[in-house]
Amino acid sequence: MKYLFAILLAFLALPAGAVEQTKGSFVDKFRQLEEELPTPNMFRNAAGEPAPAYWQQQADYDIDVRLDENKRTITGSETIRYSNNSPDTLRYLWLQLDQNKFHRNSMDWLTRTVEDPKRITYNDLRNLQFIDEFDGGFKIATVEDEGGRPLPHTIIGTLMRIDLPRPLAPGKNIGFKVDWSYNLVDNESARSQRDGFEYFPQDGNDIFLMAQWYPRMVAYSDYEAWHNKEFIGRGEFTLEFGDFDVRITVPADHVVSSTGELKNPGDVLSNVQQQRLKQARNAQHPVFIITPDEALQNEAQRDDGTRSWHFAARNVRDFAWASSRKFIWDAQGYRQDDADTPFVMVMSFYPKEGEPLWSQYSTQAVIHTLEVYSRYSFAFPYPVAQSVNGPAGGMEYPMITFNGPRTELQEDGSRTYSRSEKRFLIGVVIHEVGHGYFPMVVNSDERQWTWMDEGLNTFLQYLAETEWGEDYPSRRGEPRWIVDFMKSENQVPIMTNSESLLQFGNNAYAKPSTALVILRETILGRELFDFAFKEYTRRWKFRRPTPADFFRTMEEASGVDLDWFWRGWFYTTDHVDISIDRVTRFKVASHDPDVEFPKQRETLESEPLSRTKNSNAAEGRTTREQRFPELMDFYNENDPFTVSNKDRNEFQEYLESIRAPLDADPEWRSKALLRAIEEDKNFYMMEFSSPGGLVMPILLQITYTDGSIEMLRIPAEIWRFSPGRVNKLIARDREIATIVVDPYWETADVDVTNNHYPRQFIPSRLEIYKDETWTSSLPNRDLMQDIKTELDSGEKDVPLRVETPDQ
Ligand SMILES: [Zn+2]
């Protein structure tokens, strides 16, 4: 789920490894990660890949479902064939009844809290009223075996246990039937839900989004057995793969968009629509299957009959659909270089309220997503990819996504959209279609680990957005944008259960995606990262990875020890702040009096004069020596830095002693010293500290006095003995003028004022942000409408301008 934010109560976490000890407080930032990870076994090995005994269950569904538009209810009947591929014998099965979240006694509703005890929000008020009157949750009518015999079952919150008459042995399967119904949630009164109906009072129609609409098998895995964790709302879904055969009965004039391929187009589509779909297969641009005008006509009529749409989907972890008579429908075929799914039919469904934005961008954004994501993972493995306009945010299911943005109705009846609505559409389509890979195919456990799908997906979303347009205003991915969050209080590590996360969007989306950008661009480099990431997706395509499998694969396939990186970014709330505290230049003393003494004299003469002597001179006070010159002697004429023959002889003796060292002194020492004296390099002692605690490479831009620049990238391992403070010595012929740490803001260093030596005035990040155009705090001004007004008023010669909006 995207764009769903809330604030939870404060929770303080002790950084991992920060244990008080009796012998100092050393924290090992490079400690092996194995002690945090599960023990490798015959199901998933130490390389992070499925081992020879890997298994997963299969759940196949045969479903008949009916939408009652007037009552806004769903009635369904399903037969589930459940295959036990595990080595375990199962005496009961668990099903997910996620609609029970809308029951007034659900854990979700009962545990909702109010942030400020002195006031409530409109949301709080609406939620209270909604749950008071809404009769929500699954009504289970029948649970029976294939012979029609009732099966005992027990409902516990959003879960249902079915007790089997005979245990289900390994390698066996069982079929059983469940009948149910439930009332659909009104998205107006319970906003930011993932499913339900949205009513359009102007034309009296609805858009129905059907998700979590059928009792689904709870996942059963090698590492957790039954994943029976209550659905509270944040932690999404943990599901099994299977084949679906679904017949959806809706009002005869509805159009249905669904997971899977339509099996009976002749029953539900007109000849013209079927003809247009054929044409769309080879089109270079989206083709209307239902035009905006036709959708307007559909909106205005009613057909009392019903029609059944038959869809089939193979090897999917879930099934969702949408239905409305408001839909405009466009489509375009997309061809891939893949033997299994060479062809993908890309389609968008939206009401007039999404125009003119949706016909312009939705289908294009889906195809763009498939192009970019497949390059970094695998070819899209399904024959259909869809974007459907829904009421809130965005939500993802196999082959189908629900995406939010609408446009604005103007007084003349036309519609326009703002810059941020356009960005929202393209961004949300990329994001939700991207979920078609993570977790719809790389089947991570969303209920436990939001970051595993949201973080990886947001990372690829960022890559896809940067390839959409040069100035595409991405929200997440660039290291500099995570800085404020990394500094903030009330954080928990990324490795925290989905339901316990604080600052959900930053923690589960922005931070992991930024960490992966840094891993790719700064730590590993693109070649190593891309190879390892692709390997992860290859290993876990249509399988169920855990965090350990991701960490291990990225390390194994890149060949780089990343334990410190996972520890710092995923297991702690440390942030990056590397400070260059001091740089000292020194030279090796030559001991040659003809070289050293003049230097010492120069140093002394460069010091400021004594205040007392200065004042004496200002008062016109003369010294005794000035008044009586006969007091001057040899020492007045020769300063202490005058070189004597004795000095020169001593120097020769010194050189002799180096060239002919005593037996006890190894020869290499004198060689090194003689070479250093001869080369006369500048030695720079650089002192660094890391007040943020997150160890990272030290990236240095060294500018020399001759204007030349050197980039020096020191690996993070420099911190291994002393994670808080290190000194680094370098020797250079040239003289250094300035040193800058992380000059390109690659590492999300939260304080750049300590990144310069010597120190510099740094414009605050706040000011820098203000200058940039990506920020989401830009006023959501409808520039299209402004420009349109200018043109309508006859000022056709006025050039289009982007003004600085009033603050
Ligand atoms: Zn998401």
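I start with a charged pair: Arg648 and Asp594 meet through their side chains in a salt bridge, at 2.7 Å from N to O. That pair links distant parts of the chain, with Arg648 in helix H18 (residues 645-659) and Asp594 in helix H14 (residues 593-605), 54 residues apart. Keep in mind that this is a predicted model.

Are these two side chains buried or exposed, or something in between? Arg648 has 34% relative accessibility, so it counts as partly exposed. Asp594 has a relative accessible area of 37% and is partly exposed too.

There are also salt bridges that share partners: Asp203, Glu299, Lys326, Lys352 and Glu353 are joined by them into one network. In total, the structure holds 57 salt bridges.

Another of them is between the side chains of Glu236 and Arg194, at 3.0 Å from N to O. Why does this pair tie together parts that are 42 residues apart in sequence? Glu236 sits in the loop between strand E12 (225-226) and strand E13 (242-251), and Arg194 sits in the loop between strand E7 (173-183) and strand E8 (196-200), so the bridge runs from one loop to the other. Both Glu236 and Arg194 are buried.

The next pair is Arg317 and Glu446, whose side chains form a salt bridge at 3.2 Å, N to O. Arg317 is in the loop between strand E17 (306-316) and strand E18 (321-324), while Glu446 is in the loop between helix H7 (419-434) and helix H8 (450-466), so this pair ties together parts 129 residues apart in sequence. Arg317 and Glu446 are both buried.

For reference, ideal angles for four tetrahedral donors are 109.5 degrees. His431 has 0% relative accessibility and so counts as buried. Glu454, with a relative accessible area of 1%, is buried as well.

On to the nonpolar part. The largest nonpolar core has 186 residues. Those with the most contacts inside it are Tyr82, Trp213, Trp321, Phe550, Phe565, Trp569 and Phe570. Helix H6 (residues 357-376) supplies the largest share of this core, 10 residues. As background, nonpolar side chains tend to be buried together in soluble globular proteins.

What does Phe565 touch, if residues up to four places away in sequence are not counted? Its contacts are Ala515, Ile518, Leu519, Ile523, Phe570 and Met696.

Two single residues come next. Ala331 is placed in strand E19 (residues 328-335), and at 0% relative accessibility Ala331 counts as buried. Its C-alpha atom is separated by 7.1 Å from that of Leu277, which is 54 residues apart from Ala331 along the chain. Leaving out residues up to four places away in sequence, Ala331 touches Leu277, Ala280, His285, Pro286, Val287, Ile289, Met345, Val346 and Met347.

The other is Asp549, in helix H12 (residues 547-558). Asp549 counts as buried, at 1% relative accessibility. Setting aside neighbours within four places in sequence, Asp549 is in contact with Arg44, Gly48, Tyr536, Trp540 and Arg544.

Last, a sheet. In what order do its 7 strands run? The order is E4-E7-E2-E1-E13-E17-E15, in an open sheet with mixed pairing. Strand E4 (139-145) and strand E15 (261-262) are the edge strands, each pairing on one side only. E4 pairs with E7 in the antiparallel sense, over 6 bridges.

Key. Residues numbered from 1 in each chain as written. Predicted model: local features only at pLDDT ≥ 70, side-chain atom pairs only at ≥ 80, totals over all residues. Heavy atoms only, no water. Salt bridge = Lys/Arg side-chain N within 4 Å of Asp/Glu carboxyl O. Helix = DSSP H or I, 4+ residues; strand = E, 2+ residues; numbered from the N terminus. Buried < 20%, exposed > 50% of the residue type's maximum accessible area, 1.4 Å probe, protein only. Core = buried A, V, L, I, M, F, W, Y, C linked by side-chain atoms within 4.5 Å. Contact = heavy atoms within 4.5 Å. Pairing = 2+ DSSP bridges.
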